[in-house]
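Open the model in your viewer and keep the selection panel at hand. The tour goes from stop to stop, with a selection at each.

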Amino acid sequence: MMKERLLLKSETVPVIPNHVRFEFNEVRKEWVLLAPERALYPDKIAIEVLKKCDGKISIQLIGEDLAKKYKAPVEKIIEDIINMLQDLADKGFLKEC
C-alpha cells in the first residue's frame, strides 16, 4: 500500500515525528536531523524554522514570526518555508500534527 503524500499549506501545523531526532551535536558543534540510517545538517535559517516545528503553530505563524525578525515579505518567507519543509516531509523527516 502506497502512503499518501503530505502536501503542506500555510495552515499546516508541522511537527518532527517521533522516529526523527532534531538535536545539537556538541562534538561537531552543529544541529542535525537524525532518522533511521539518515542524517541531515540544516543551515542557520532551516534550524530556526525546525525549532518552531513543535506541533503547536502553523507554517503561517512561523512565517509571520520570521518575516518580522528578518524584515522580509511574509508571503515570500512562507513560500520558502513550505518548499523547505515539503522536501523534509517527502523524505519522512516531518509530518502534520
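Which element gives the most to the lining of the largest pocket? α3 does, with three residues. Helices (H or I, at least four residues) and strands (E, at least two) are DSSP runs, numbered from the N terminus.

Two notes before going on. This is a predicted model, in which local features need pLDDT of at least 70 and side-chain atom pairs count only at pLDDT 80 or more, while totals for chains, interfaces and linings use all residues. Residues are numbered from 1 along each chain as its sequence is written, and side-chain values use heavy atoms, with hydrogens and water left out.

**Stop 1: the pocket**

Select Lys3, Glu4, Arg5, Leu6, Gln86, Ala89, Asp90, Gly92, Leu94, Lys95 and Glu96, which line the largest pocket. Two or more lining residues come from each of α3 (74–90) and β5 (95–96). A pocket here is an open set of points on a 1 Å grid over the protein atoms alone, where a 1.4 Å probe fits, with protein on both sides within 12 Å along at least five of seven lines; lining residues have an atom within 4 Å of a point. The space in the largest pocket is about 200 Å³. That volume is the space filled by probe spheres set on the points, with grid points joined across faces, edges and corners. By class, the lining has three nonpolar, two polar and six charged residues. Ala, Val, Leu, Ile, Met, Phe, Trp, Tyr, Cys and Pro count as nonpolar, Asp, Glu, Lys and Arg as charged, and the others, Gly among them, as polar.

**Stop 2: the core**

Now select Ile16, Leu33, Ile81, Leu85 and Leu94. Of the 23 residues in the largest nonpolar core, these touch the most other members. Such a core is a set of buried Ala, Val, Leu, Ile, Met, Phe, Trp, Tyr and Cys residues joined through side-chain atoms within 4.5 Å. Buried means under 20% relative accessible area, exposed over 50%, and partly exposed in between (1.4 Å probe, protein chains only). α3 gives the most to this core, with seven residues.

Stay on Leu33. Not counting residues up to four places away in sequence, Leu33 touches residues including Ile16, Val20, Phe22, Leu50, Leu88 and Phe93. Contact means heavy atoms within 4.5 Å.

**Stop 3: the rings**

Show Phe22, Phe24 and Trp31, a cluster linked by ring pairs. Rings of Phe, Tyr and Trp (its six-membered ring) pair if their centres lie within 6.5 Å; planes under 30 degrees apart count as stacked, over 60 as edge-to-face and the rest as tilted. The count comes to two aromatic pairs. Phe24 and Trp31 have ring centres 5.7 Å apart and planes at 65°, so this pair is edge-to-face. Phe24 is partly exposed at 34%, and Trp31 is partly exposed at 23%.

**Stop 4: single residues**

Pick Glu48 in helix α1. Is Glu48 buried or exposed? Glu48 is buried, with a relative accessible area of 16%. Leaving out residues up to four places away in sequence, Glu48 touches Leu66, Lys69 and Tyr70.

Next is Ile57, in the loop between α1 and α2. Ile57 is partly exposed at 27% relative accessibility.

Finish with two lysines. Lys29 lies in the loop between β2 (21–25) and β3, with a positive phi near 55°. Lys29 is exposed at 56%. Lys71 lies in the loop between α2 and α3, with a positive phi near 50°. Lys71 is exposed at 76%.
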